[in-house]
Amino acid sequence: MLRILLTIVLPLALWVWAFIDCLVAPEDEVRHLPKPIWLIIVLLFPPLGPIAWLAAGKRRGLLRTGAPDGQPGRPAAGGPAGYGAARGGRPPAPDDDPEFLASLGTGPLKGNDKDHEDMLKQWEADLRRRERELRGGDEPEDGRKS
């Protein structure tokens with residue numbers, strides 16, 4: 001059983017996976033040879049073709065993340081990974097961009113805590129008043145039963 005697995009099933013799975021990976025890989029991630037040549041190599045030379053594709057055919061891992069100028073292997077501009085410009089030089093999502101949040105008045109760069117505290121105190125006072133009205137004034141204000 002193990003012999004069948006190692007000689008037939010695993011090479012076949014590797015061949016199918018490498019062919020599909022090569023087929024769907026974007027043109028800018030294919031290295032060293034044109035994509036059609038890689039497809040032919042993977043198809044005609046199993047298991048060496050799939051192994052070559054894995055080793056040299058496609059940018060993977062750290063090499064895929066590049067700066068906006070297209071230089072592979074360098075972190076994208078904008079600071080630490082995941083902050084500033086996102087992978088591939090794309091702008092970050094609005095909820096991750098402190099400048100955008102500041103323009104809305106809700107981000108870490110904008111400090112309107114006083115307004116929020118005043119509104120919260122007003123809501124708490126209104127809630128206490130409504131609770132007293134619902135109780136009918138039977139209980140003391142601190143919530144203890146007599």
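Me: Is aspartate 21 buried or exposed?
Reply: Buried: aspartate 21 has a relative accessible area of 10%, and the cut-off for buried is under 20%. Keep in mind that this is a predicted model.

Me: Where does aspartate 21 sit in the chain?
Reply: Aspartate 21 is part of helix α1, which covers residues 2–24.

Me: And which residues does aspartate 21 touch?
Reply: Leaving out residues up to four places away in sequence, aspartate 21 touches Trp53, Lys58 and Arg60.

Me: Arg60, OK. What's the spacing between glutamate 29 and arginine 60?
Reply: Along the sequence they are 31 residues apart. In space, their C-alpha atoms are 8.3 Å apart.

Me: Where is the place of glutamate 29, and is glutamate 29 buried or exposed?
Reply: Glutamate 29 belongs to the loop between α1 and α2. With 14% relative accessibility, glutamate 29 counts as buried.

Me: What about histidine 32, buried or exposed?
Reply: Histidine 32 lies in the loop between α1 and α2, and histidine 32 is exposed, with a relative accessible area of 63%.

Me: Let's step back. How many helices and strands are there in the protein chain?
Reply: Five helices and zero strands. Along the sequence the pattern reads α-α-α-α-α.

Me: How much of the protein chain is buried?
Reply: Of the 146 residues, 15% are buried. The accessible surface of the chain is about 11,100 Å², and carbon and sulfur atoms hold 63% of that surface.

Me: Which residues form the nonpolar patch on the surface?
Reply: Leu33, Ile37, Ile40, Leu43, Leu44, Phe45 and Leu48 form that patch. Together they have about 670 Å² of accessible area.

Me: Where does the largest share of the nonpolar patch come from?
Reply: From helix α2, residues 35–44, which supplies four residues.

Me: And leucine 48, where does that one lie, and is it buried or exposed?
Reply: Leucine 48 lies in helix α3, residues 48–57. At 63% relative accessibility, leucine 48 counts as exposed.

Me: Changing topic: what span should helix α5 have, and what does the model show?
Reply: Helix α5 has 23 residues, 113–135, and at 1.5 Å a residue they should span 33 Å. The end C-alpha atoms of α5 are 33 Å apart, so the two values agree.

Me: What follows α5?
Reply: Glycine 136, whose phi is positive, near 80 degrees.

Me: Now for confidence. What is the mean pLDDT of the protein chain?
Reply: The mean is 74, and 67% of the residues reach 70 or more.

Me: Which elements have the lowest and the highest mean pLDDT?
Reply: Helix α4, residues 98–104, has the lowest at 76, while α5 has the highest at 90.

Me: Where does pLDDT stay under 50?
Reply: One such stretch is residues 63–69, for which the model has 21 contacts beyond four places in sequence. Another is residues 72–86, where the model has 27 contacts beyond four places in sequence.

Me: Last one: what share of the contacts with a separation of 6 or more comes from residues 24 or more positions apart?
Reply: In the protein chain, that share is 33%.

How values were computed. Residues are numbered from 1 along each chain as its sequence is written. This is a predicted model: local features need pLDDT of at least 70, side-chain atom pairs count only at pLDDT 80 or more; totals for chains, interfaces and linings use all residues. Side-chain values use heavy atoms; hydrogens and water are left out. Helices (H or I, at least four residues) and strands (E, at least two) are DSSP runs, numbered from the N terminus. The expected span of a helix is 1.5 Å times one less than its number of residues. pLDDT is the predictor's confidence in each residue, from 0 to 100. Contact means heavy atoms within 4.5 Å. Buried means under 20% relative accessible area, exposed over 50%, partly exposed in between (1.4 Å probe, protein chains only). Accessible areas come from the Shrake-Rupley method with a 1.4 Å probe; for residues, only the protein chains shown count as cover. Patches are made of residues with over 30% relative accessible area and no salt bridge: like charges are joined within 9 Å, nonpolar side chains (Val, Leu, Ile, Met, Phe, Trp, Tyr) within 5 Å. A salt bridge is a side-chain nitrogen of Lys or Arg within 4 Å of a carboxyl oxygen of Asp or Glu.
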